[in-house]
Amino acid sequence: MRAHVDSDVCAGHGDCVATCGTVFTLTDDGYAEAIADEIPLAAVESVRAAAEHCPEHAINIDEG
Ligand code: SF4
C-alpha cells in the first residue's frame with residue numbers, strides 16, 4: 001500500500017500528520033506529503049483513518 005496527497009487539493013490543515021505522523025509530513029510550503037515508500041504494516045490503519053478524515057479528501061490510497 002502507498003499513499004499520495006493531491007497537492008492541488010490539500011489545504012494544509014495537518015490533520016493527517018496528527019493522525020499518522022510516520023507517513024505524512026508537512027512540507028515547508030505548508031502542505032502535506034506522504035512517504036514514497038510502501039507503508040509499514042503498523043501504519044496501515046492510521047493511514048486509512050487519515051484518508052477518511054482528511055477534510056479536503058486529498059489523500060489517495062493505492063492498495064497495490
Ligand atoms: S488532512 Fe488533508 S488537507 Fe489536511 S494537510 Fe493532510 S492531506 Fe492536506
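User: Where does the ligand sit?

Analyst: The ligand sits in the largest cavity. On a 1 Å grid over the protein atoms alone, a cavity is a set of points where a 1.4 Å probe fits but cannot get out. A molecule counts as sitting in a cavity if more than half of its atoms lie within 2 Å of the grid points. Before we go on, please note that this is a predicted model, in which local features need pLDDT of at least 70 and side-chain atom pairs count only at pLDDT 80 or more, while totals for chains, interfaces and linings use all residues. Residues are numbered from 1 along each chain as its sequence is written, and side-chain values use heavy atoms, with hydrogens and water left out.

User: How many residues does the largest nonpolar core have?

Analyst: In soluble globular proteins, nonpolar side chains tend to be buried together. A nonpolar core is a set of buried Ala, Val, Leu, Ile, Met, Phe, Trp, Tyr and Cys residues joined through side-chain atoms within 4.5 Å. Buried means under 20% relative accessible area, exposed over 50%, and partly exposed in between (1.4 Å probe, protein chains only). In this model the largest such core has 18 residues, and Val-5, Val-23, Phe-24, Ile-39, Val-47 and Ile-59 have the most contacts inside it. Strand 1 (2-5) and helix 2 (44-53) each supply at least two of its residues. Helix 2 gives the most, with four. Helices (H or I, at least four residues) and strands (E, at least two) are DSSP runs, numbered from the N terminus.

User: What does Ile-59 touch?

Analyst: Contact means heavy atoms within 4.5 Å. Not counting residues up to four places away in sequence, Ile-59 touches His-4, Val-5, Cys-16, Phe-24, Ala-50, Ala-51 and Cys-54. Ile-59 lies in strand 4 and is buried, with a relative accessible area of 9%.

User: Is Ala-50 buried or exposed?

Analyst: Ala-50 is buried, at a relative accessible area of 3%, and belongs to helix 2. Leaving aside neighbours within four places in sequence, Ala-50 is in contact with Cys-16, Thr-19, Phe-24 and Ile-59. Ala-49, another residue in helix 2, counts as partly exposed at 23% relative accessibility.

User: Where is Asp-37 found, and what is it in contact with?

Analyst: Asp-37 is found in the loop between strand 3 (32-34) and helix 2, and counts as exposed at 54% relative accessibility. Leaving aside neighbours within four places in sequence, Asp-37 is in contact with Met-1 and Arg-2. Asp-37 and Met-1 are 36 residues apart in sequence and 8.8 Å apart in space, C-alpha to C-alpha.

Technical notes
1 Å grid on protein atoms, 1.4 Å probe; cavity = no way out; pocket = protein on both sides within 12 Å on 5 of 7 lines; lining within 4 Å.
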